[in-house]
Amino acid sequence: MLNKLWAIVALMAVAVACGSEVDPPPPPTPIPDFRVEIDDVTRSTVTVSIAPSEKIADYICVVEERSVVDEFTQSKFVIATVFQELTEEASSKGLTLAEYMPSVVDNGKIENATFSGLKLDTEYYVLVFGVDTASCTATTELTKVAFKTLAVEKRECTFEVATEVVDNSVTISVSPSDEEVYWYLCTMPKSTYDYYVNDENGYKMSEDYFYEYYFQQDINAYRGAGYSDEQIIDALIHQGSLQLQASGLKENTEYYILVAGLIMDSEGIVICTDISKH
C-alpha cells in the first residue's frame with residue numbers, strides 16, 4: 001500500500017513538473033488607435049500619414065511644440081486644451097464648437113498631410129485622438145509622435161560696415177566677406193535696441209529674435225504702403241557690397257546698425273550667419 005502511495009505522489013510530481021514547463025500563450029498584441037508616420041520634415045513643415053484603427057470614425061490631428069505639451073501632467077489636459085483652442089477658433093468665426101467640428105476633423109486614412117508655419121530647429125509633437133463630433137468629446141487616448149524641424153546650415157560671412165554722417169542722414173557702406181550672400185540691414189537708436197534686448201524692464205529678446213522682429217516690422221510697413229512681395233524683397237534684401245542711405249535721424253542720438261546674411265528659398269527667409277552689430 002505504501003509503495004502504491006509513493007507511486008501516486010511520484011506521478012503527481014511528474015505531472016506538476018511537466019505542467020510548469022508549458023508557458024501560457026502570450027496575450028494578443030493590442031491594436032493601436034493610430035499609426036502615425038513622419039514622412040518628411042523641413043525647417044518649417046512636417047508631412048505625416050495617419051491610419052486609424054477600424055473602430056475609430058472621426059479624429060483630430062494637430063501639431064504642437066513639445067515644450068508646451070510636456071508641461072501638462074496628463075494627456076487629458078492636453079486634449080482639453082486642444083478643445084479649448086478649437087472653441088476659441090469657432091467663436092471667432094461666429095460658430096459653436098459643434099458647428100465648427102466637422103471642418104477640423106479627419107476621417108479614415110490620410111497620407112502626406114503637411115503642417116506648415118513651424119519654427120526651425122524646434123521639437124514638436126503630432127497629436128492625434130478620436131472624437132465624437134456630436135458631443136465634442138474625445139473617444140480615445142492621446143497618441144503623440146515626436147519630431148524636430150531642421151536647423152539652418154550656417155554660412156561663414158562677416159560684414160565690414162563704415163558710416164558717414166551728414167546732419168541727420170547717414171551713408172552706410174556694407175562689404176560682406178562672401179559676395180554671394182543675401183543680407184538685410186536695419187538701424188535703430190541704441191535706446192530702442194537696449195529696451196528690447198538688454199533692459200531688465202524691457203522685452204529681454206535675444207538678438208536674433210529682435211533682428212527678425214525688426215525685419216518683420218519693416219516688411220509690414222512696406223505692405224501697408226501697398227508694396228508687392230517682390231518690391232519688398234528688392235527694397236530690403238541686398239547682395240554684394242553696397243552703399244545705403246538712412247535719413248531722418250535724431251540729433252545727438254547713438255544708433256546701432258545690425259546686419260546678417262539670409263537664405264531665401266521656397267520655405268521662406270531665415271538668418272544664416274551671425275548678426276554683426278556696429
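These questions and answers concern helix packing and backbone angles in a predicted model.

User: How are H5 and H6 oriented to each other: roughly parallel, roughly perpendicular or oblique?
Analyst: Helix H5 (residues 190-197) packs on helix H6 (residues 207-224) at an angle of about 120°, and their axes lie 10 Å apart. Angles of 65 to 115 degrees count as roughly perpendicular, and those over 145 as roughly antiparallel. The two helices, H5 and H6, are therefore oblique.

User: How many nonpolar residues are in the contact of H5 with H6?
Analyst: From H5 come Tyr-193, Tyr-196 and Val-197, which meet Glu-207, Phe-210 and Tyr-213 of H6. In this contact no residue is polar and 1 is charged, while the nonpolar residues number 5.

User: Which residues of H6 are buried?
Analyst: The cover over the buried residues of H6 includes strand E11 (182-189), H5, helix H7 (229-236), strand E14 (255-265) and strand E15 (268-271). The buried residues themselves are Phe-210, Tyr-211, Phe-215 and Ile-219.

User: Is Asp-121 buried, partly exposed or exposed?
Analyst: Asp-121 sits in the loop between strand E5 (110-115) and strand E6 (123-132). Its phi is positive, near 50°, although Asp-121 is not a glycine. Buried means under 20% relative accessible area and exposed over 50%. Because its relative accessibility is 41%, Asp-121 counts as partly exposed.

User: Is Cys-136 buried or exposed?
Analyst: Cys-136, in the loop between E6 and strand E7 (137-138), is a residue other than glycine with a positive phi near 55°. With a relative accessible area of 16%, Cys-136 is buried.

Notes
Residues numbered from 1 in each chain as written. Predicted model: local features only at pLDDT ≥ 70, side-chain atom pairs only at ≥ 80, totals over all residues. Heavy atoms only, no water. Axes fitted to C-alpha atoms, helices over the stretch in contact; angles between N-to-C directions. Helix = DSSP H or I, 4+ residues; strand = E, 2+ residues; numbered from the N terminus. Parallel < 35°, antiparallel > 145°, perpendicular 65-115°, else oblique. Contact = heavy atoms within 4.5 Å. Nonpolar A, V, L, I, M, F, W, Y, C, P; charged D, E, K, R; others polar. Buried < 20%, exposed > 50% of the residue type's maximum accessible area, 1.4 Å probe, protein only.
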